[in-house]
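Open the model in your viewer and keep the selection tool ready. We will go stop by stop.

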Amino acid sequence: LQPLFKMSFSCSKVGDPQPGQPYKGGNFCAFLPENKEGLKTAKLLKKAFERGLTFQIKSCNGEERVTWGLIPHKTSWDGGKARNGYPDAQYLREVGAVL
């Protein structure tokens with residue numbers, strides 16, 4: 001499974017680093033195994049996204065941009081845990097606990 005999140009340009013809101021300022025969006029891709037646990041995790045990640053918990057806005061070199069939030073996502077099929085990829089035998093358990 002490969003969820004894709006498209007975040008457009010917009011203005012930040014109260015609670016963001018600079019409320020009312022424009023921020024840069026982007027395309028974000030995640031990876032989940034295509035099995036029972038992966039599908040269950042995909043549903044939980046969808047709920048988190050709908051509740052505004054997946055991303056955050058951060059300042060970087062004076063520019064506001066969308067970044068991943070506190071929920072861990074796998075952004076590569078390989079590279080292991082150190083590079084946000086697989087193999088990572090604990091990932092589905094860890095993300096399930098966060099969600």
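Select Glu-94: at 34% relative accessible area it is partly exposed (buried is under 20%, exposed over 50%, partly exposed in between; 1.4 Å probe, protein chains only). This is a predicted model, where local features need pLDDT of at least 70, side-chain atom pairs count only at pLDDT 80 or more, and totals for chains, interfaces and linings use all residues. Residues are numbered from 1 along each chain as its sequence is written, and side-chain values use heavy atoms, leaving out hydrogens and water.

Glu-94 sits in helix α2, residues 91–98. Helices (H or I, at least four residues) and strands (E, at least two) are DSSP runs, numbered from the N terminus.

Glu-94 forms a salt bridge with Lys-81, closest N and O atoms 3.2 Å apart (a side-chain nitrogen of Lys or Arg within 4 Å of a carboxyl oxygen of Asp or Glu). Lys-81 is in the loop between β6 and α2, so the pair ties together parts 13 residues apart in sequence.

Stay on α2. Which of its residues are buried? Select Tyr-91, Leu-92 and Val-95. They lie on the same side of α2, because they cover an arc of only 90° around the axis (taken from the directions from the helix axis to the C-beta atoms). The buried residues pack against α1 (36–50). On the face turned away, pick the exposed Arg-93 and Ala-97.

Next, select Asp-88 and Lys-74. Their salt bridge has its closest N and O atoms 2.7 Å apart. Both residues are buried.

Last stop: Arg-65 and Glu-63, whose side chains meet in a salt bridge at 2.8 Å, N to O.

Note on methods
Contact means heavy atoms within 4.5 Å.
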